[in-house]
Structures are given as C-alpha cells and as structure tokens.
Amino acid sequence: MIPAAFDYVRPSTVDEALSALSEAGEDAKVLAGGQSLLPVLRMRLAYPSTLIDVSRLDELRGVRDDGDAIVIGAMTTHDEVLHDPLVARHAPLIAQAAATVGDRQVRHLGTFGGSLSHADPAGDLPTIALTLDATLNVQGPSGSRSVAASDFFVDYLTTTLAPDELLTSVRIPKLDGWGTHYEKFNLVAQSWAIVGVAAMVRRSNGSIVEARVGLTNMGTTPLRARGVEQALAGASVSADAVRAAAEHVAEGTHAPSDLSGQADYREHLAAVLTRRAVLAAAG
Amino acid sequence: MTATTERPTEAAEIGRARNRKEDAHLITGRTTWTDNLTLPGLLHLAILRSPMAHARITNVDVSEAAKRPGVIAAFSGQDFKDEQGTIPCAWPVTEDMVNPGHPSIAVDQVNHVGEAVAAVVARSKAEAQDALEAIDVDYEPLDPVLDMEAALADGATLVHSHIDSNKSFTWTFESGAAGTGAPIGDALRDAEITVHRRFRQQRLIPAFMEPRSTVVQPVGDGVTMWSATQVPHILRTMVALSLSIPEHKVRVIAPDVGGGFGGKLQVTPEEFLTTLVARRVGKPVKYTESRSESLLSAHHGRDQIQDITLTMTRDGTFTGLDVHLFADMGAYLRLVTPGVPILGAFMYNAIYKIPAYRLVCDGVFTTKTPTDAYRGAGRPEATFAIERIIDEAAAELGLDPMELRRKNWIKHDEFPFTTVCGLTYDSGNYEAATDRALELIGWDALHAEQAERRERKDPVQLGLGISTYTEMCGLAPSRILGALLYAAGGWEHASIRMLATGKVEVVTGSSAHGQGHETAWSQIVADQLGVPFDDVEVIHGDTQSSPKGMDTYGSRSLSVGGTAVVLAAGKVIEKARRVAAHMLEASEEDIEFADGTFSVRGAPGTGKTIQEVAFNVFAAHDLPEGMEASLDADATFDPDTFSFPHGTHLCAVDVDTETGRATIRKYVGVDDVGQVINPLIVEGQVHGGVAQGIAQALYEEAVYDADGNLTTGTLVDYLVPSAMDLPTFVTDRTVSPSTTNPLGVKGVGEAGTIASTPAVVNAIIDALRPLGVSEVPMPCTPERVWRAIQEGGAR
Amino acid sequence: MTQVGVTVDGVAYRDDVEPRMLLVHYLRERLGKVGTVVGCDTGNCGACTVLLDGRSVKSCSMLAVQADGREVTTIEGLAGPDGSLHPVQQAFHENHALQCGFCTPGMIMAACDLLRENPDPSDAEVREGIEGNLCRCTGYQNIVRAVRAAAERGAPTVSPGTSASPATTTAGAS
C-alpha cells in the first residue's frame with residue numbers, strides 16, 4: 001500500500017528541525033529511521049501533514065565518552081550502536097538488546113532515539129534505557145531539558161516529548177562492574193517480545209549487592225520490577241534465592257492479553273525470564 | 001543451415017541433479033512477475049473491502065471518489081450486478097450441495113471481512129487508493145457466524161439469508177455400503193478397545209510470497225489476462241463460462257508466478273472484477289493486492305474439526321475407523337472448496353489395514369474468508385488425525401507407537417493393496433523407509449537420553465515423534481474425478497516440436513510456479529529423444545502458446561504431465577523412425593533407436609541422428625510416401641489411478657517446560673516418491689513442504705475475533721517462519737517405482753507438508769505425556785504448551 | 001514534488017517525486033528496476049531488500065526522498081558488466097536455493113550484506129543474518145547452504161559504485 005500524501009522537510013541542523021516542527025504544528029511527525037513509521041503510513045493508520053526527516057542531522061549521530069557516562073546520539077542506528085566500542089565497554093546490555101531489534105535491514109535504518117521516542121512497550125530499547133537509568137536530552141523551542149527515563153515513558157506509545165520537541169541524545173551512566181543480561185522471548189525471530197527482561201547485577205563474592213530488573217511488554221510502558229530488585233538486594237547468587245525473588249515480578253505490572261499471550265502467561269513467563277536473566281547477569 | 005550433430009556427453013539425464021534452467025532470470029532480477037507488466041494507457045484498480053463480517057449494504061456512494069484526482073471511474077456492486085455472474089465452484093461434492101453463489105463484488109450483503117464492496121480505477125495506484133477513502137458505505141450489521149457447530153444449531157444466524165441452513169452438504173462414505181470393506185457399525189459394536197479424539201485443524205493462510213496480481217487488456221470482443229495464477233487453463237475456461245466471453249476470445253498468461261501452494265489454484269473475485277472494470281472502461285487495468293489484502297481475501301486453508309474414533313482388539317489390531325468432519329467453507333464456495341475435505345476422506349486409513357471405515361463430512365458456511373486448497377488439501381488433515389490417534393491408542397494400550405504402526409501397516413509384499421476406501425496402492429515399502437529413518441535420527445540413543453532426562457526431571461524434556469504417512473498424488477484420473485462429481489477431468493497435455501536444427505520445443509499444460517518443470521521436462525525429453533539437455537525449450541503458461549492443459553496442483557505435474565511428455569516423445573520417435581528407415585533404405589522394423597541415433601539393427605555406426613532426421617523432414621525433399629513434413633506430436637495422458645508416495649518422518653523436540661517453548665532439535669524425513677527425475681528438485685520440494693508442515697504445528701494460525709475480524713491480518717501477526725525458526729532437515733529416499741505411469745514417478749510437492757505436522761506434534765506430546773499431557777492444540781505455541789502442562793499437572 | 005538524486009546500480013538519476021513515494025516504487029515504476037519486488041506492507045518479508053551505501057535496507061520501508069544523495073544497489077546491479085554472476089548468485093543457482101524465485105532478489109542482497117560483515121558465517125549465523133527475509137518455498141536449508149558456499153568462494157563485498165567481481169560460470173550452463 002501507499003501512504004497518504006504529506007509534505008516533506010529535511011532540515012540539516014537541529015535548529016532548522018525545531019523551526020520546522022513549530023511551523024508544521026501538531027499533525028507533523030518526525031521521521032527518524034522510519035522502521036516503525038513507514039509501515040504505519042503504508043497501512044494508512046496515520047495521516048501526518050508533514051514529515052520532518054531528521055536523518056541528516058549529523059550532530060545527532062554517534063557515541064561519545066562523557067566522563068562517567070556515554071552519550072548516544074538519537075540518530076545513531078541500531079547497527080552502529082551494537083558495533084560501538086564505547087557501548088561494548090560501558091553498556092554491553094544496550095548492544096545485546098539492539099542486536100535483537102528487528103533484523104539486519106531494520107537495524108541499518110532504525111535509530112536508538114527513534115525507538116525510545118516511539119515508546120512501544122513491546123520495544124526492547126525503552127526497557128534498556130529505563131533499566132540503565134538513562135537520561136534523555138530533549139531540545140525544544142525554548143531550549144533543552146533532560147528527562148530521566150523513568151519519567152520519559154508515560155503511556156502506550158506516549159512520552160513526555162511535546163510535539164515541538166526533539167530527542168537529541170541519551171546519556172547512559174557507565175556501569176563498569178555490573179553484570180548485565182537481556183532475556184527476550186518471542187514467537188518467531190522477527191516478532192516483538194511477548195516478554196523481555198533486562199537484568200543488571202552488582203555482586204560481591206557470593207551475594208548480590210544491588211540489582212535492577214526492567215520489563216518489556218508487561219504494561220503500557222517499560223517497567224522496573226522494583227519488588228524483585230528489593231528482594232535481590234543482599235540475596236545470595238543461588239538459583240533458589242533468585243527464583244524466590246523473581247516471584248515478585250508481576251507486582252505493579254499490567255500485562256496485556258493479546259494474540260501473542262494472555263496476561264497470566266506473561267506473568268509466569270516474566271518470572272522465569274527474570275530468574276534466567278538475573279542468573280546470567282550474575283554469572 | 002545444417003542440422004546440429006551435437007551428442008549428449010553425459011549419461012542418462014533422468015536421475016541427475018541438474019541445476020535449474022529457471023534460475024538464470026530469477027537470480028538476476030530479469031523477471032516477469034505480473035506486477036512488473038506495464039502497457040500503454042494502463043490504469044490501476046483499487047478495491048474497497050468490507051470492514052464488517054456480516055452486514056446488509058444499504059447504500060454505497062462512490063460519487064465523491066469519482067471526482068478525485070486521476071480517477072477514471074468508481075464502481076459499486078450495483079454497477080456489475082447484472083453481468084458479474086458468480087465465482088465458479090467446480091466441485092459439487094453431493095447432488096444436493098447448496099451453493100449460494102459468489103459475487104466478485106458484493107451487491108446487497110457482505111459475508112466476510114475483506115469482501116469487495118467498491119472499486120476505483122485511476123491513472124495511478126496511489127490515486128486509486130486515495131479515492132477509496134472518499135467512498136461511503138452504509139452497513140446494517142448482522143451477527144457474525146464464526147463457530148461451525150453453533151452455525152449448524154437450530155436458530156443459528158444464517159450466513160446467506162436466501163438459503164435455509166448454514167450447511168452446504170453432508171458427504172458420506174461407509175465401507176460396508178460401498179462394498180469396499182466391513183460395516184462400520186459392526187466394528188464399533190464389537191470393539192475391544194475404542195479410542196476417541198477431537199482434533200482441530202486450525203485455519204491457515206497459504207501466504208505465497210508473490211501477492212496476487214492481474215492485468216486485463218480488452219482485445220476486440222475478448223480479453224488478454226495476465227495473472228499470478230497456478231491455473232491459466234482453468235481460469236480461461238471459467239472466465240469464458242462465468243463472464244460470457246467466448247473462450248476463443250480469452251487468452252490467459254501466467255508469467256513468472258511467485259509460489260502458490262494451492263493458494264493460486266483459484267478463479268478469484270479480483271480477476272473477475274479487474275476484467276469487468278477493464279471491459280467497462282475499455283482500457284488495460286492492473287490490480288495488485290497488498291499483503292494485508294492477500295491475507296484477508298485470498299482463500300485460506302484447513303479449518304476443520306475432526307472427531308475420530310479408532311477401534312482395536314486388545315492386542316492392538318485395528319478393526320475400524322470412524323470419522324466425523326466439520327469443514328469450514330467460509331462464506332462462499334470457491335473453485336474446489338467443498339472438495340478439499342473429500343480429497344482427505346480417502347486417506348484417513350493411511351498405510352494401515354483397517355477393515356471398516358466411515359467418514360461423514362459436513363460442509364459449513366461461516367462469515368469468514370472462503371477456504372480452499374492449501375498444500376496437501378485434505379490429506380495433511382487426514383494424516384494428522386490418524387497419526388495422532390495412533391499415538392494416543394499406543395499410550396492407552398501401553399505399546400510403543402512404532403510397534404503399533406508396524407503391527408497394522410501394509411507389508412511390502414502385500415502390494416498392490418486395495419484399501420478400505422477402494423483405492424489400490426501401487427507400491428511401497430514402509431519397513432524400509434522406517435528403518436532408514438530410525439537409523440538416520442539415532443532413535444535408540446535418543447530414547448536413552450529421553451529416559452535419562454525424565455529421570456532427572458530436566459526442565460527441558462525430550463520428545464520423539466513419528467509420522468508414517470502416505471498420500472495420493474497425480475490428481476487425477478478423470479474417471480475417478482467424475483465419480484466424485486468434479487466438473488472437469490484430470491488429464492494433462494504435451495506437445496513436442498522438432499525444429500529444423502534439431503532443437504526441441506516442449507509445450508506443457510502444466511504451468512509451474514517454482515517447481516522446476518522446465519528443468520525436469522528437459523531432462524525427460526533429453527533422455528527420450530537423445531538430445532542435449534540444453535537443446536530443449538519448455539513452453540508453458542500462456543493459453544495461446546500452450547492451449548491445452550489442466551495446470552499445476554495436487555502433486556500431479558510429473559506423474560500426469562511428465563507422462564504426457566513421454567508419450568508425445570514416443571510419437572515423435574515413431575515418426576522419425578519411419579523417416580530414418582527411408583533415409584537408411586531399411587525397413588522400419590530393422591531400425592533401432594538409442595542415444596538419439598537411428599541405426600539399422602546389426603549395422604552400428606551407420607545411423608542417422610534424430611537431428612539429421614529432423615532436418616530431412618524440414619527440407620521435405622524426400623520423405624516416405626504419404627508422410628507429412630512434421631515430426632511434431634501431441635499426447636494427452638489420463639492415468640487410471642493415483643500414485644501413492646509414502647515415507648517416515650521422525651522428529652526430536654526439546655520442550656522447555658518452564659516457558660512452553662518447543663524447539664526442534666533433529667528432523668529426519670525418508671520419503672519414497674518412486675523414481676526421481678531430479679534429486680535436487682525433489683529434495684527442495686521436501687524441504688519446503690516440511691517447513692510448511694512445521695509452520696502449522698508450531699507457528700501459523702489465521703485468527704478471527706468475536707466480531708469476525710481477521711486479527712492476523714499482516715505478516716506481523718500471521719507468523720510465517722524465518723530461517724531462524726526452522727531446523728536443518730536430514731532427508732533421504734527409498735525407491736518403490738510407481739506402477740501407474742511409465743516414468744515410475746509418484747509426486748513430491750505435498751509430501752513434506754503432509755508428513756511433518758503430526759511428527760512434530762507427536763514429539764511434543766511424547767515429551768509431555770509423563771506430565772499428564774495428551775493434547776496441545778495447534779499451533780503449539782509456548783503459551784498453549786505451558787497451559788497444557790498446567791492442566792496436565794492438575795489432573 | 002521533491003527532487004531526489006540517487007545513484008542506482010552505478011547510474012545517477014535525478015527525478016521529481018511525491019514525498020510519499022516509497023523507494024521500491026521509485027525503483028520499479030520510475031527506473032524500471034522491476035527485479036526488486038514488494039512482498040508485504042509491514043517490512044516483514046524482505047523481498048524488497050537492496051543495498052543503500054553498501055548496507056541492506058528494505059526499500060519498502062523507506063521513502064525515495066530519503067535516498068537522496070545515496071547509492072543504491074539492486075539485484076540488477078550485482079552481476080558483472082559482462083553478465084557474469086556474483087558468487088552469491090552463482091551459489092544460489094548451484095545449491096538450488098530458490099524455487100519460485102520471488103524472495104530471491106531480497107535474499108541474495110541480504111546475503112551479500114551478511115557476508116560483508118561476516119565473510120565466514122556458520123549455519124546459525126547465516127540463519128540469523130537472513131532472519132529479515134521470508135521464503136515460502138525452500139525451507140531455507142539450501143539458502144543457508146548457498147550462502148556458506150558463496151562464503152567459501154570468497155564473495156566480494158558489494159561496494160557502492162563498483163561492480164562485483166565475476167564468478168566463473170553463468171547460470172544454466174552447468
């Protein structure tokens with residue numbers, strides 16, 4: 001199918017992009033890699049008046065070292081992220097998850113910032129950003145602001161981004177010394193996660209000092225499994241202890257029931273995957 | 001000009017793993033898919049489809065759409081109601097079958113989501129699609145009809161208000177009444193052991209990779225139609241019959257066709273609607289569906305409920321088989337919709353000696369997309385049911401499921417064997433195929449591992465599944481088709497033309513869409529005529545150049561169409577022999593033909609090649625008295641009966657009991673498809689078939705919601721497996737030549753699909769039986785497996 | 001209308017297009033590059049895969065205007081100027097890695113991209129590398145075999161603007 005007609009703007013600086021967004025109004029849509037947007041347009045599930053193509057904003061591309069953090073430009077593609085040496089060294093969890101996004105073709109065009117802005121609760125990278133306590137840098141007509149990932153995702157496909165704002169980069173604290181793992185469970189290789197679990201574990205000898213657990217597709221936004229995190233703090237790195245902690249995973253979640261799984265199955269699966277992800281991260 | 005004297009340098013072509021002739025243009029993108037075609041003045045059709053499963057249409061307003069930029073015309077069903085005829089159903093399976101008729105575009109009622117309700121023809125596809133949004137349709141909703149058993153109940157909402165039931169037909173076979181076996185009533189009454197199960201064959205979507213596309217060009221009183229179809233010849237006849245265009249004014253071309261699997265064995269509403277619009281506007285018109293339109297409106301497959309009862313003696317000897325089928329027709333009857341379950345009806349007894357058999361099939365209308373042939377068409381369903389219930393019977397008897405099969409199957413020295421259905425199986429050796437499969441998979445070692453993992457309660461359990469299948473190929477003997485009330489025959493036609501330079505043109509009525517006929521037919525002709533493989537050109541897929549044929553489906557092409565080629569070649573040789581005798585000044589009886597050369601018996605080295613003979617006939621200076629100046633020959637082959645390939649497929653599955661995920665660890669298929677023309681092609685057919693059968697077992701299902709919407713309407717939700725989702729297959733063959741055709745071939749197109757589904761599901765159940773699981777509905781998704789384990793443990 | 005300048009299979013084009021025109025439709029309908037096909041509307045099937053500046057993309061999930069200033073290689077630009085096949089094409093032929101052939105252009109382009117990054121993939125890596133391309137005919141086994149055979153032969157990277165080195169034989173000749 002063919003998208004409905006729209007106007008097209010391709011700014012070459014962030015300032016131009018912000019002006020274009022202001023001018024185009026609420027019916028405009030930012031086109032990043034387009035890997036979620038194009039199918040939506042082709043199916044005529046959306047009718048934007050204007051597409052603002054930010055793919056040529058080179059200032060939004062690439063990964064840089066920023067002292068105690070790395071900063072990933074919003075327009076860095078998944079493929080670039082998963083091959084980036086800074087990511088590999090300081091946030092391998094991102095690379096592990098990015099490698100599971102779509103397929104090679106999708107990863108060549110799809111972007112890190114695009115995935116976060118799209119905020120699909122079945123998407124992998126929003127969960128990763130949330131679990132890593134990332135900070136999202138946003139620019140708008142009145143300047144820039146920073147938003148914690150925990151505040152960024154507000155509802156299904158909804159973020160705190162205003163229509164005239166642009167996500168420009170994502171700051172990821174370096175978490176050297178943590179073990180991490182992303183456990184994704186889907187029906188076929190290409191499909192979205194029924195449930196995904198991101199785990200981060202800092203351990204000392206045989207016990208867990210601190211853990212973080214993020215959940216994909218267990219609500220309308222990515223979620224943190226705070227109950228599991230609390231139960232893991234100070235727990236021993238044993239299958240039984242981790243299993244017991246993982247039983248808290250459904251607390252505070254609102255798992256959907258849809259074609260790929262009913263809520264009770266998702267809750268069960270989340271517990272199994274949490275145990276596996278935490279043990280792998282602690283390994 | 002001289003005739004070539006090039007001789008084949010290799011040994012026999014038949015049996016040789018030739019790389020395909022077809023590949024050259026496909027791997028370089030020099031293809032002729034229908035959607036590639038453009039013609040001067042070509043217009044583009046877009047179709048507005050019903051969002052309602054069941055509703056009266058009270059008004060369709062296309063006036064605004066007609067004013068949109070680029071639009072030539074916009075139509076509703078009212079515009080064609082007097083001339084659109086009906087989509088044909090060629091298989092009224094019973095004398096009293098009810099066929100409600102099937103408009104190409106709905107006039108006053110829609111009966112499934114996706115049915116065409118309006119159409120726009122415009123200068124560009126984008127403009128046509130834009131204009132659809134300006135069409136207003138008023139619907140008066142009716143209740144959807146989704147469940148087959150509810151649809152048959154008294155007081156059920158009627159899909160078609162002008163007929164008084166949702167039942168299209170009840171078809172019955174009973175071996176006592178048919179005189180082919182014992183009465184089923186006796187078997188049921190006298191049974192020492194009775195095992196009953198209900199299986200569901202979920203609704204599937206063929207999902208050929210090339211979306212359907214049609215271009216229709218009005219030509220004088222007639223039309224030329226290009227279409228992505230498996231059946232250009234049937235399509236031509238049906239366009240003529242249904243749209244009242246004289247058949248000789250209809251030319252149908254199937255150019256490159258991107259897969260079919262039964263899904264393009266159809267005469268479609270889209271083909272008719274494109275024809276109607278093209279004739280109305282007097283311009284060539286193209287319609288190419290989107291994938292989401294394809295999933296919604298191209299016919300679906302399977303969708304049956306199977307109630308099956310197997311009776312046995314206490315020692316596990318089968319005594320009877322009783323089957324009641326509910327077959328979902330969907331909203332309408334398409335080309336062979338009612339015939340699909342009937343094709344399976346003769347296969348439930350499979351490879352087993354069962355003295356009494358009954359099958360009753362109810363064809364039921366629902367407000368869903370019509371069903372029709374999908375790879376295997378009836379036979380995968382039958383094979384699944386018998387292979388699954390045998391495992392259940394073995395469990396009840398405490399017997400090894402392979403031993404129960406061995407106990408009841410037809411032994412290799414009992415062929416030909418006439419079954420309880422009255423069909424005579426030509427040849428086979430179930431013992432040999434099974435033994436080879438067991439050896440290849442390492443059955444005993446896997447059993448030992450299974451026992452060990454059960455013992456230590458490994459959360460990932462190993463399951464071992466068996467499918468010892470047979471099927472009937474070579475659709476089909478016309479006489480049998482006639483007895484089953486099919487409207488047409490099952491013969492196939494071939495022509496061979498010897499050109500002046502000794503090159504050969506083979507015209508076949510069996511038009512391929514991925515099966516490699518050009519290569520296989522060339523191999524056959526190269527061997528028959530003793531000419532080089534590359535000197536043979538195979539012509540197909542255009543009713544002008546290949547006017548006679550019955551097309552490609554039902555694993556028929558080689559055994560029926562390939563045989564026609566052999567027969568035509570034989571006629572060419574006999575004509576050439578006469579000419580050669582004249583050239584060699586010998587009598588015809590003394591002429592031998594071998595390796596492309598005619599020679600006088602006892603005088604080797606003095607012969608004339610077939611190319612020399614061909615040139616001599618072309619020149620026609622000195623032909624035998626009364627001989628026409630042509631070696632060309634036609635042949636039509638109509639087999640007396642089917643052929644019956646068989647095989648044993650074994651599957652080892654790891655089932656993660658925590659998540660429910662079943663992962664195929666090892667898959668072995670040993671097939672006996674008779675003689676093989678090209679082992680490369682045969683292996684490829686098995687691979688692809690197995691993949692589709694595994695997809696039914698694990699991944700695919702067309703799901704409707706309570707309002708009758710197809711919720712698996714894109715490839716995001718209809719889960720066609722990728723390379724990541726399928727295992728490596730180990731394949732091998734045994735060879736029991738067919739006795740029903742001179743090539744000794746049986747057919748392989750559907751074998752893998754028929755074999756694999758029960759092997760996989762049996763393996764999953766085998767893994768979980770100690771956990772109290774005896775059934776997981778297909779597709780066996782992780783969630784369904786997990787739920788079965790929960791329920792099993794609760795028992 | 002928006003102007004787009006794009007090099008396709010070594011030839012530079014400049015056209016006015018509607019912004020909504022998909023890259024695959026531009027290739028097929030404007031340039032006549034019908035070797036690249038459309039198999040779905042959700043980006044799942046991969047039949048439309050082409051190389052964009054040497055990397056695989058799905059040309060149905062991209063606007064023509066997004067390709068402005070870039071280089072596209074399609075299945076039609078893969079063989080050498082003399083018609084000699086790219087090793088991946090040759091391997092698909094020799095290993096019976098296609099039946100109907102509809103997915104084949106996209107599958108071959110995806111395989112070329114995989115081999116660019118991983119010149120010696122295992123079976124599992126090939127399967128993962130072509131996960132974005134659906135085939136309904138082959139069950140993938142011979143495709144996997146073909147990609148590995150091409151790798152053994154040392155399939156060259158398809159760089160934008162240059163022709164791939166030729167294979168030794170042509171399809172149909174074996």
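**Entry 1: a helix in chain A.** I began with the buried residues of α8(A): A:D124, A:L125, A:P126, A:T127, A:I128, A:A129, A:L130 and A:T131. I count a residue as buried if 20 or more other C-beta atoms lie within 10 Å of its own, as exposed if 12 or fewer do, and as partly exposed in between, with C-beta atoms placed from the backbone. Helix α8 spans residues 124-131 of chain A and is mostly covered, with 8 of its 8 residues buried. After α8(A) comes A:D133, whose phi is positive, near 55°.

**Entry 2: ground rules.** I noted that this is a predicted model, in which local features need pLDDT of at least 70, side-chain atom pairs count only at pLDDT 80 or more, and totals for chains, interfaces and linings use all residues. Residues are numbered from 1 along each chain as its sequence is written, while chains are lettered from A and ligands numbered from 1 in the order in which they are written. Helices (H or I, at least four residues) and strands (E, at least two) are DSSP runs, numbered from the N terminus.

**Entry 3: where the chains meet.** I found 17 residues of chain A in contact with 21 residues of chain B. Contact means that the C-beta atoms of two residues, placed from the backbone, lie within 7 Å. Helix α12 (residues 263-282) of chain A gives the largest share of the chain A side, 4 residues. That side has 12 nonpolar, 5 polar and no charged residues. Here Ala, Val, Leu, Ile, Met, Phe, Trp, Tyr, Cys and Pro count as nonpolar, Asp, Glu, Lys and Arg as charged, and the others, Gly among them, as polar.

**Entry 4: a sheet of 5 strands.** I traced an open, mixed sheet in chain B, in the order β7-β15-β14-β13-β8. Two strands pair if DSSP finds at least two bridges between them. At the edges are β7 (167-174) and β8 (193-204) of chain B, each pairing on one side only. From one strand to the next the twist averages 10°. I then followed β8(B) to β13 (residues 301-312) of chain B: 11 bridges join them, and they run antiparallel. B:H196 has B:T309 in β13(B) as its bridge partner. Across β8 and β13 of chain B lies helix α11 (residues 379-397) of chain B, at about 145° to β8(B). Axes are lines fitted to C-alpha atoms, for helices over the stretch in contact, and angles run from 0 to 180 degrees between N-to-C directions.

**Entry 5: a sheet of 4 strands.** I looked up another open sheet in chain B, with the order β18-β26-β27-β28 and mixed pairing. Its edge strands are β18 (460-470) and β28 (729-733) of chain B. Strand β27 (residues 662-672) of chain B runs parallel to β28(B), and 5 bridges join the two. One residue pair to find is B:D671 with its bridge partner B:R733 in β28(B). Helix α19(B) lies across β27 and β28 of chain B, at about 140° to β27(B).

**Entry 6: helix against helix.** How do I describe two packed helices? I use the angle between their axes and the distance between the axes. The axes of α19 (residues 679-698) and α20 (residues 751-768) of chain B come within 7 Å and cross at roughly 40°. α19(B) and α20(B) are therefore oblique to each other. (Angles under 35 degrees count as roughly parallel, over 145 as roughly antiparallel, 65 to 115 as roughly perpendicular and the rest as oblique.) The residues of this contact divide into 9 nonpolar, 11 polar and no charged.

I also checked α11(B) with α20(B): the axes come within 8 Å and cross at roughly 30°. That makes α11(B) roughly parallel to α20(B). The α11(B) side of the contact includes B:F384, B:E387 and B:R388, and the α20(B) side includes B:V761 and B:N762. By class, this contact has 6 nonpolar, 4 polar and 4 charged residues.

**Entry 7: a covered strand.** How many residues of β5(B) are buried? I got 7 of the 7 residues of strand β5 (residues 116-122) of chain B, so β5(B) is largely enclosed by the rest of the structure. Strand β1 (residues 43-49) of chain B runs antiparallel to β5(B), with 6 bridges. B:R49 has B:A116 as its partner in β5(B). Strand β3 (residues 71-76) of chain B is also antiparallel to β5(B), with 5 bridges. There B:V71 is partnered by B:A122 of β5(B).
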